[in-house]
Amino acid sequence: MADGRAQIRRSAGLRLWLPAAWLLTLLVVAIFAPWVAPKDPLAQDLFSGGLPPFWVHGADRSFLLGTDSLGRDVLSRIIFGTRIALSVALISGVLTCAVGASLGLLAGFYRGWVDTVVSRFIDIWMAFPPVLFSILLIAVLRPGLFSIILAIVVIDWTRFARVIRAEAMTQGAMDYVASARVSGRGKFGTMVREILPNVLPIIVVLLTLEMGIAVIVEAILSFVNLSISTDDPTWGGMISEGRTSIHQAWWVLVFPLITLFLTVLSFSQLGEGLKDRFDPVLR
Amino acid sequence: MNYLSIRNLSVRIKGGGPLLRDVSLEVAAGEVRGLVGESGAGKSMIGKAILGILPKAVEITSGEIRLDGTDLLTLPPAARRIKVGATCALIPQDPLTALNPSRRIGPQITDRLVDILGWARSKADARAMALLAEVQITDPARVLRQYPHELSGGMRQRILIASAFAAEPKLIVADEPTTALDVTVQKQILKLIAGLQARRGTALLFVTHDLGVVSKVCQSLSVLYSGKVVEDTTVADFFRAPTHP
Amino acid sequence: MALLRTLLLRLMTTAITLLGVAVIVFFVIRVVPGNPIAMMLPPGATAEDIARLTALYGLDKPIPQQFLIWGLGVLHGDFGTSITLRRPVLDLVLGRLPATLELSVMALVFAILIGGTAALTGTRLRATRVEGAIDIAHGMALSVPDFLWGLLLIVVFGVVFPVFQISGRVTPSLQLPFITNFYLVESILRLRFDLTKDLLSHMFLPSVALAIPLAAIIGQLLKQCLKETMHLDYVTLARTQGYSEARVIWRQALPNAILPTLTLVGVQFTFLIGGTVIIERLFSYEGLGNMAIDAVINRDLPLIQGIVILFAVIFTGVNLLVDLTYAALNPRLRHG
């Protein structure tokens, strides 16, 4: 076919495996951080402060990506920052999914007053600007991993709820559901046994996308210093420090930024790739 | 020399099967030729090929389409569409979708007269009014100011017919103009088209699957069967001795 | 008239939504660990000082009573006084609002220009490699949030090619003759184009960062709508009349493709406004979002309330405006 778009779409297989490979690498790095990282991320060495990455003149080879103003190794801090990023991603993603998908399923399948209540709830919820809401919530709760996770769940459950509700409604109107009901299954049973499996692919896609969002939210919160304590390295925290010294030590900002960029991009592309894969199966 | 002369035209889906195979047909100036075949035989494709509106997924592989001697397929795209715009017109099949829903009727008739043919706005408006009267629309001034959704299917088809004749084309391609209409309205529309054509002597290629229509309006016809022309004769001869099912 | 009735109904639901927002904000932020008064006073303040100021701001009363007091004040236009900045909340909020509005609108304009061009080009050159490249660009722009684009722009244009400014709204040393806070608008009206240039060079990067995700959404959706419209009969009819492809896209397809795009853009614009919070912080831009972050960090309750309510008002206002515009533009709704 002389269709240029088809040629580009043929590389779609790559679109799934490349991000998956990156994310898997991150997972391994996060788990084995103490062994992978060349230095202690918290160790300050004021004599080695502000060193550039290894290919720049004046660098110290043992600090591959340079050091920040307090002499802490950038590479090691990025590696340890992966732990926080991924834990937040995984836990928030799963919890948000659980809450949002459940409410969405109930609203979409049971309809009636359940749907009205949930829908109005969603509307009010979505009147809040998400970033402001998350910052607000963090300020309310004590800073810490738990608070971030809670904040993400509280803010983003509507994303799942809306989509799953629509899907549940569509599925609920289909014949196989009616026949299940006729054959004696109760409403709740039908929802779980018949509808849920058909909604599962969408849930997986949304979950992947949600994890990417969670990583970003955590980074933004660390950026405004509302995340966990300031000692443990986070990508957002490093970016925040790097932002102020960008003209003197650009590497403190750039390397965590690249890592963050690749990670967020990976989650997005993986999610979109999965969506494409599932589409023909669903329709 | 005939006004429209198609020789050995072959059209296919890009990277796929053929739609038209080695099609040849001629329409003389002032002649009304029917183009018949079942749905899917490729009739519409011929009309689209002439007018230059083939879908992007379809391509011409060989042949020539001559309008008044000039082969359209050898012209650069801009020259081709101007020649087609200046000398041809289309009466489309579905009156419900062939008019722009967010514009009034008047501009939809007059714009091409002003933009492409360079007429003065006043001349174009006058022409639109005159033609709407000719297709027996009462109160043309009011209709010109209305939007398509305010008018019935029959009315809209008349407007489309008027619009096609407004530019004084030498060739009109009528793509199943009565198929989407009620049987009662079909007869009226056919009479209108026939009348307008006779008064102006426009060449007309009438695409349809309905032989009854052909017998009423056309002088000659070509029969298309799965992409190939299988008969080419006068209407009188055809109905005396048809050779295909 | 049907339009009027719809309008009144929408205003009512809007009011209810806003009330819900106000209640949630009010009660949520009072469950705060961290006493704003204590944070405000220098260390070594006595318990009496803290108690006095707490009473001054009415924070010692039961929460429902505080809400009533605040609610009554709002109806009189009094949103309370900021604890950290010691000025009326309404003044502070309205003072910073123009900066954020200018930034958001500029971002919207960029988004429409970039997204619109991408959509029109992709439609004109459909089924070519160019369209494929545009699709990829859209995908990437959507995968990455404005926060990261902002950082990227800071790195590229702040360090590598220092063409634009990456901090603040205006060069601090400049004398500003403005009476309103709509600096950009006023600088143009006063013909002080030197100031306009300075303002633009500060506003350019943050508004582009804000614009990129919205541009991708506009580009994708408009291209989709345009391509669907291009298949319609009246479009092909126009092509037989002698109009060029580009002309047909512009005059026949575009007006009909814009309507469905409009609603989505309206909603997404509210997300863009939400994005100003972090983008302003990133670029140290003195707008509402930046003030909001400070307010939250300092637990400045009255200020937080005021800002959140204002954001909610803007959100619901934009939604209302979009619905009205859609109803007005759709000829079928207008006449039918």
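Which residues make the nonpolar surface patch of about 620 Å²? They are Leu27(A), Val28(A), Ile31(A), Phe32(A), Trp35(A) and Val36(A). This is a predicted model, where local features need pLDDT of at least 70, side-chain atom pairs count only at pLDDT 80 or more, and totals for chains, interfaces and linings use all residues. Residues are numbered from 1 along each chain as its sequence is written, chains are lettered from A and ligands numbered from 1 in the order in which they are written, and side-chain values use heavy atoms, leaving out hydrogens and water.

A patch joins nonpolar side chains (Val, Leu, Ile, Met, Phe, Trp, Tyr) within 5 Å, or like charges within 9 Å, from residues with over 30% relative accessible area and no salt bridge. A salt bridge puts a side-chain nitrogen of Lys or Arg within 4 Å of a carboxyl oxygen of Asp or Glu. Areas come from the Shrake-Rupley method with a 1.4 Å probe, and for residues only the protein chains shown count as cover.

Helix 2 (12–31) and helix 3 (33–36) of chain A each supply at least two patch residues; helices (H or I, at least four residues) and strands (E, at least two) are DSSP runs numbered from the N terminus. Helix 2 of chain A gives the largest share, 3 residues.

Now to chain B, where an open sheet of 6 strands has the order 6-7-8-3-9-10, with mixed pairing. Two strands pair if DSSP finds at least two bridges between them.
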